[in-house]
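Thanks for coming. Please look at the structure on the screen while I go through it.

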Amino acid sequence: MKNISRTVQSGIYTAGAYGHRPVVPTSPDRLESAARKAMTRRAAAYITGGAGAQRTATANLTAFARHRILPRQLTGTHQRDLTTTLLGRTLPAPLLYAPIGALELAVQHKHGRAGTPQGAEPALAHAATRTGLPVIISNQASVPMEDIAADLGDTPRWFQLYWPRADDLTASLVRRAEETGAEALVVTTDTTTLGWRTHDLDLGSLPFVRGEGLAQYLSDPAFRKLAAERATRPGPTSSPTTLSLIHI
């Protein structure tokens, strides 16, 4: 397998000899900081913020830090092999692209709201086709799963399912995932009640209220049928039709 680390380092040091510096920070902390500065306030709040006092977000980082990389010397690392097998499929590395809801927020600073969805998931699909690593298509994506699957080509994909309130909608989403070649379902069960997301609340910002991250629903025939039925019911509703039909 190609030594990506050595290739990237060699390119940086060679360019450095001619006075060029990396455009993208190489430190994870500085990379995160640069991303926060580049994104809009709404995007940074939603993507980087947690709930409440952010203690769970901090605890997650602490837990992850307990896993250390243990170097091994004199073991013949000239030919490295990171391949592994998962669900019967051989992968080039033990990694998957996680589902990211309302991914369009991450690129709004470049494209603005109008053209954003075409710049988010397609870019992810392009990266996945280059690496060969599976993509977990988000249930809250900004692009319908069929379009994402078309961009992925032969690259493996899974589908994240937020279990809806309506069985017909659940069946429809699963059926579409199967038809687009999803090899597994990743069932997310932690959003039956929306978290007290302080960063978003302070901005009065929830992407789904603005129609962001709802492409899987708005492109689904079962959802459109449910939405039409809900819209014709007499009496006021306590929340927008779309949000009252799904867990977010």
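How much accessible surface does the protein have, and what share of it belongs to carbon and sulfur atoms? The accessible surface comes to about 15800 Å², and 57% of that belongs to carbon and sulfur atoms. Areas here come from the Shrake-Rupley method with a 1.4 Å probe, and for residues only the protein chains shown count as cover.

This is a predicted model, where local features need pLDDT of at least 70 and side-chain atom pairs count only at pLDDT 80 or more, while totals for chains, interfaces and linings use all residues. Residues are numbered from 1 along each chain as its sequence is written, and side-chain values use heavy atoms, with hydrogens and water left out.

The protein has 12 helices and five strands. These are DSSP runs, numbered from the N terminus: helices are H or I with at least four residues, strands are E with at least two. Of the 248 residues, 35% are buried, meaning under 20% relative accessible area (1.4 Å probe, protein chains only).

Now two residues. Ala141 sits in the loop between β3 (135–137) and α7 (145–152). Is Ala141 buried or exposed? Its relative accessible area is 1%, so Ala141 is buried. Leaving out residues up to four places away in sequence, Ala141 has contacts (heavy atoms within 4.5 Å) that include Glu121, Ile148 and Ala215. Ala141 and Ala215 are 74 residues apart in sequence, yet 6.0 Å apart in space, C-alpha to C-alpha.

Ser205 lies in the loop between α9 (198–203) and α10 (215–218). Ser205 counts as buried because its relative accessibility is 7%. Beyond its neighbours within four places in sequence, Ser205 contacts Arg42 and Asp200.

Key:
Buried means under 20% relative accessible area, exposed over 50%, partly exposed in between (1.4 Å probe, protein chains only).
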